[in-house]
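Open the structure in your viewer and keep the selection tool at hand. We will go from the whole chain to a few single residues.

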Amino acid sequence: MEVQGKIKVIGDTQTFGNNGFRKREVVVTTEEQYPQHIMVEFVQDKTDLLNNFQVGQQVKININLRGREWTNPQGEVKYFNSIQGWRIEALQQDASGNMPPMPPAEAFEPANDLNEDDHDDLPF
């Protein structure tokens with residue numbers, strides 16, 4: 001699965017526990033009719049993948065959905081979900097709205113032998 005959008009927040013790397021578990025979060029805002037702010041976490045060695053990215057950059061993040069069960073001290077079972085990133089790549093931003101660039105008008109040769117009196121068999 002993947003998430004695409006603009007980076008809104010890049011968090012600092014956090015370290016937990018005696019084993020040195022590392023986690024870093026990034027928030028990506030999707031660009032659709034109802035934009036969503038999706039928090040994706042990168043863990044362990046994947047936290048370094050975020051070093052080359054900046055707020056405002058368009059990215060595509062490959063993700064896995066993770067779910068876990070936890071029983072609290074009172075014996076109640078709780079369920080948690082997380083979105084875990086495993087790859088991130090920059091997307092090209094083009095100002096033309098996803099249209100390929102138009103070549104300059106000089107790139108086209110003029111049609112000098114055009115005769116308006118000629119009839120063709122095209123249906124339009």
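The tour below moves from the overall fold to selected side chains.

**Before you start**

This is a predicted model, in which local features need pLDDT of at least 70, side-chain atom pairs count only at pLDDT 80 or more, and totals for chains, interfaces and linings use all residues. Residues are numbered from 1 along each chain as its sequence is written, and side-chain values use heavy atoms, with hydrogens and water left out.

**Stop 1: the whole chain**

Show the chain as a cartoon. It has six strands and zero helices. Here helices (H or I, at least four residues) and strands (E, at least two) are DSSP runs, numbered from the N terminus. Along the sequence the pattern reads β-β-β-β-β-β.

Of the 124 residues, 23% count as buried. Buried means under 20% relative accessible area, exposed means over 50%, and partly exposed is in between (1.4 Å probe, protein chains only).

Which contacts does the chain make along its length? Take those between residues at least 6 apart in sequence: 50% join residues at least 24 apart. A contact means heavy atoms within 4.5 Å.

**Stop 2: T13**

Select T13. It sits in the loop between β1 (2-10) and β2 (14-16). T13 is partly exposed, with a relative accessible area of 35%. Leave aside its neighbours within four places in sequence, and T13 is in contact with R22, K23, R24 and T47. The C-alpha atoms of T13 and F42 are separated by 9.2 Å, and the two residues are 29 apart along the chain.

**Stop 3: the salt bridges**

How many salt bridges does a search of the whole structure find? It finds four. A salt bridge is a side-chain nitrogen of Lys or Arg within 4 Å of a carboxyl oxygen of Asp or Glu.

Select K60 and E2. Their side chains meet in a salt bridge, at 3.9 Å from N to O. K60 lies in strand β5 (residues 58-71) and E2 in strand β1, so the pair ties together parts that are 58 residues apart in sequence. E2 is partly exposed, at 42% relative accessibility.

**Stop 4: a linked trio**

Select K23, E25 and E41. These residues are linked in a network of salt bridges.

Start with E25 and K23. Their closest N and O atoms are 3.3 Å apart. E25 is partly exposed at 27% relative accessibility. Is K23 buried or exposed? K23 counts as buried, at 18%.

Turn to E41 and K23. In this salt bridge the closest N and O atoms are 3.7 Å apart. E41 lies in strand β4 and K23 in strand β3 (residues 21-29), so the pair ties together parts that are 18 residues apart in sequence.

**Stop 5: around E41**

Keep E41 selected and show its surroundings. Its strand, β4, covers residues 37-43. E41 counts as buried, at 11% relative accessibility. Apart from neighbours within four places in sequence, E41 is in contact with K23, R24, E25, S82, I83, Q84 and G85.
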